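Here is a quick walk through one model, from its cores to its ligand shell. Have the structure open as you read.

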Amino acid sequence: MKRFLPYLKYLRGHRTYLVFALVCGAISGLVFGRGLPFAMYTIFPRIFTDGPRTLPTPEVLGYALLIPLIFFIRALGAFLNNYFMSRCGIGVLEAIRVELYRKLQHLPLSYFGKNRTGDLISRLTSDTQVVQQTITSSASDLVIQPLTLVGAISFLAWIALAHEGVLMFLGSLAIVPVCVLPVRYVGKKLLKRAAENQRLLGDISDLANQNLMAAREVRAFGLEDKEVDVFQLTTRRLFQVQMKVVKYSQVLSPSIEVIASLGIAFSVFYAYRVGISLAIFLSILTALFACYEPVKKLGALHGQFTRGAASLTRIEEVLYEPITITDPVQPAAVPSRLRGDLGFAQVDFAYQPGELVLRGITATIPAGTVCALVGPSGAGKTTFANLVPRFYEASGGRVTVDGHDVRSLRLADLRRNIAVVSQDPVLFNDTIYQNLLLGRTGATREEVVAAAVDAHADDFIRTLPHGYDTLVGERGSLLSGGQKQRVALARAFLRNAPILILDEATSALDSQSE
Ligand SMILES: Nc1ncnc2c1ncn2[C@@H]1O[C@H](COP(=O)(O)OP(=O)(O)OP(=O)(O)O)[C@@H](O)[C@H]1O
Ligand SMILES: [Mg+2]
């Protein structure tokens, strides 16, 4: 329960609904817990008198209708409470989901090297879903049930003071804390299983993600059966864990019911011993019934909270991950367009601590010049280029643009001045025009076309059935490798930045275009 408290801040915008929902829930709970036993207590002795029945029929009917009236108020209050509490809960969840997504936009690239994409997707979808279920189901029970309990207990206290049978009342209540014992034990077991459950869902999502990205390789190397086997192994594990979750969460309610029935047996026994009237006994039974329902529900809720907490932990692992590459506290004041003088001074870099990929690199690349890095595969050319836009952070030395350390510039200022065509460019599943426009969102149609002409992309784009409005497919898969590369080049040209980084940007081009 505590785990969810920090997120209450997201409720701020929903305050009115929340208050309304709470009031409705309170009415619903109290009317049922306190009102129903009290109605029993006052009505029954009037209707079922010893001797001849003298009450006029309409009056009896009026009394009898009190019962459906109480249930109606309870139902209406519960509905309004559930509806508006859920509204708040789902609203909070939306905020958390967006927060998580925003975080994923800002985490450094090294984070995605260490974490699996599929698992991250699973956290964004499946784990947020579990937390949402927790919020919505608790929304309906968290107000009504405790207040029903309060209402019922207050009635019991009142009747215990007004009549003989105080002992019976205390005895029946002693059952409530006993009910909590299995809840605590089962809750611990559940938390472990729930965490494992979500981890396995992450694994499955990741397996599927990798498999779908490599659809061609799977067929080329005949990996179909092997892939299915690996998948089945994980789903089998998930099956086992899920069955344990089901076992632990389903054992809760019945065990509480059994314990609760003991309370009733106890009260029958004492009612007889103390010699209280049937009307009082019935009203007490009603109050006890109203008591046990919340205890049972709150027990089930505990399980739901446990599962929600496990998922929340996985979400928070991402939310609280420190963003290591950020804007400096006091960014250097630079003109919006930099000149583009690049400097590397004694730069070291390591992807893994201690394993230097670049060692003591010193270089100057003056603005307006072309510089080519040549070296064997794995020499560190891409790594070198990645340090300029601060995709990664140098572990030693300084990378400078126009004499400013890149770490002293605001990320937006730095990256606005750099256009990158990576070794494996990615296009978004949109039209060619929209993909080009990413280079500079404010560009005119003429500028977009001019960039495409420069990149030798205009010719092939015009031969497509929808020209610039052709959809490129997921990651640009409907285009050929060379076409994709030309679109990526045009996109970079459109940016018209003083620094242009081409990482083997022409590897898939025909020799003429190159
Ligand atoms: N994300 C990463 N995590 C860990 N090691 C990496 C990562 N990316 C590259 N490396 C390692 O760093 C070294 C330099 O890689 P880099 O990609 O810079 O080479 P490259 O010169 O661009 O090669 P190529 O010509 O094949 O593109 C390689 O040994 C590679 O294994
Ligand atoms: Mg490379």
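Let's start at cysteine 291, which is in contact with Leu149, Ala152 and Ile153 once its neighbours within four places in sequence are left aside; contact here is C-beta atoms, placed from the backbone, within 7 Å. A word on the ground rules: this is a predicted model, where local features need pLDDT of at least 70, side-chain atom pairs count only at pLDDT 80 or more, and totals for chains, interfaces and linings use all residues. Residues are numbered from 1 along each chain as its sequence is written, while chains are lettered from A and ligands numbered from 1 in the order in which they are written.

Cys291 belongs to the largest nonpolar core, which has 58 residues, and is listed with Ala152, Ile284 and Ala287 among those with the most contacts inside it. A nonpolar core is a set of buried Ala, Val, Leu, Ile, Met, Phe, Trp, Tyr and Cys residues joined through C-beta atoms within 7 Å. Buried means 20 or more other C-beta atoms within 10 Å of a residue's own, exposed means 12 or fewer, and partly exposed is in between, with C-beta atoms placed from the backbone. H10 (278-319) is one of the helices that supply at least two residues of this core, and H10 gives the most, with 17 residues. Helices (H or I, at least four residues) and strands (E, at least two) are DSSP runs, numbered from the N terminus.

Another core, of 41 residues, lies apart from that one, and includes Phe344 and Val487.

H5 has Leu149 and Ala152 among its buried residues. The 19 residues of H5 should span 27 Å at 1.5 Å a residue, and its end C-alpha atoms are 27 Å apart, so the two agree; the expected span is 1.5 Å times one less than the number of residues.

Now for strand E5 (residues 418-421), whose residues are all buried and point as follows:

| Residues of E5 | Direction |
|---|---|
| Ile418 and Val420 | one way |
| Ala419 and Val421 | the other way |

E5 runs parallel to strand E6 (residues 499-502), joined by four bridges; strands pair if DSSP finds at least two bridges between them. Isoleucine 418 stands opposite isoleucine 499 in E6.

What surrounds ligand 1? Its shell includes Gly113, Tyr351, Lys381 and Gln423, where a residue is near if its C-beta atom, placed from the backbone, lies within 6 Å. Helix H11 (residues 381-387) brings the largest share, three residues.

Terms used: Contact = placed C-beta atoms within 7 Å.
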